Amino acid sequence: MRRILAAGLLLTAGCDHLVTRDRVPVYASWEAGQTLVYARPGAEASQRLQVRVKSSTLGPDGRTVVRTYASFTSVTEATFRLQDGLEALKLDGSKELVVLPAGFPDRVSRWEDRGIVNFVVGRARVDIPGVKLPDPDATGIWVESAPVSARGVRRRTLLVPDLGEVETLNLIDGKWVAVSRLVSQGYTDPPPEGAK
């Protein structure tokens, strides 16, 4: 009887380990209602961009997220698929544009897509004035993107779990210049059913 009880305890401990295993971080905004506001440092408030997760649905092929992008001059909507580190923009039909590859950032740290080479530069502590991070101890990942042809803009983007992009820098005249920074993060209630 003691052997059976001991074996049961070992199995339970093993199952508990499997159940409480840490989830894979998602380096993108995915929670319904999450709203992010971006600004270019020094720019007027009218140049801000608001990104809101309109819906988030978990399915067999990963999580489908619909985001609304709004500025003072336009509103657009885009659908993304998130799975195992992958963030892919859904295009017409079955085509997708890979934003982040599956396995990012630990199993895949370099990838090429549509003439752009992307690679992980390193990890960084995240401190954004006025923005409360979902996880205050979260570590950000800097990703650099550069055209394969070496002609065009070199860009560095800081990505944070459960938020995605929080800061973007462009290489201008040999210096990294901030062109977009998260200035506000929170949640807005989705509109009531049937509302326009």
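Strand β11 (residues 164–172) and strand β12 pair in the antiparallel sense over six bridges, where strands are DSSP runs of E of at least two residues, helices are runs of H or I of at least four, both numbered from the N terminus, and two strands count as paired if DSSP finds at least two bridges between them. Within this pairing, Asn170 stands opposite Val177 of β12. The two strands form a hairpin with two residues between them, and Asp173 in the turn has a positive phi of about 50 degrees. The structure is a predicted model, in which local features need pLDDT of at least 70 and side-chain atom pairs count only at pLDDT 80 or more, whereas totals for chains, interfaces and linings use all residues. Residues are numbered from 1 along each chain as its sequence is written, and side-chain values use heavy atoms, with hydrogens and water left out.

Strand β12 (residues 175–187) is also joined to strand β1 (residues 34–39), with which it runs antiparallel, by six bridges, and Val37 has Ser184 of β12 as its bridge partner. Ser180, which is found in β12, is buried, with a relative accessible area of 15%; buried denotes under 20% relative accessible area, exposed over 50% and partly exposed the range in between, for a 1.4 Å probe and protein chains only. When residues up to four places away in sequence are not counted, Ser180 touches Tyr38, Ala39, Arg40 and Pro41 as well as Glu165, Val166, Glu167 and Thr168, a contact being heavy atoms within 4.5 Å.

On β11, antiparallel pairing with β10 extends over six bridges, and Leu158 stands opposite Glu167 of β11. The hairpin of β10 and β11 has three residues between the strands, and Asp162 takes a positive phi near 65 degrees there. Strand β10 (residues 155–160) in turn pairs with strand β9 (residues 139–147) in the antiparallel sense over five bridges, with Leu158 in β10 as the bridge partner of Trp142.

The largest pocket holds about 1000 Å³ of space and is lined by 38 residues, of which Val99, Arg155, Thr157, Glu165 and Thr168 lie nearest its centre. On a 1 Å grid over the protein atoms alone, a pocket is an open set of points where a 1.4 Å probe fits, with protein on both sides within 12 Å along at least five of seven lines, and lining residues have an atom within 4 Å of a point. Volume is the space filled by probe spheres set on the points, which are joined across faces, edges and corners. The lining of the largest pocket divides into 23 nonpolar, eight polar and seven charged residues, where Ala, Val, Leu, Ile, Met, Phe, Trp, Tyr, Cys and Pro count as nonpolar, Asp, Glu, Lys and Arg as charged, and the others, Gly among them, as polar.

The second largest pocket has a volume of about 330 Å³ and a lining of 18 residues, of which Val24, Val26, Leu82, Gln83 and Asp84 lie nearest its centre. The elements giving two or more residues to this lining are β3 (62–70), β4 (75–83) and β5 (86–90).

The protein contains one helix and 12 strands, and buried residues make up 34% of its 196 residues. The mean pLDDT is 85, and 85% of the residues reach 70 or more, pLDDT being the predictor's confidence in each residue, from 0 to 100. Over residues 1–21 the pLDDT is below 50, and this stretch has zero contacts in the model beyond near neighbours in sequence.
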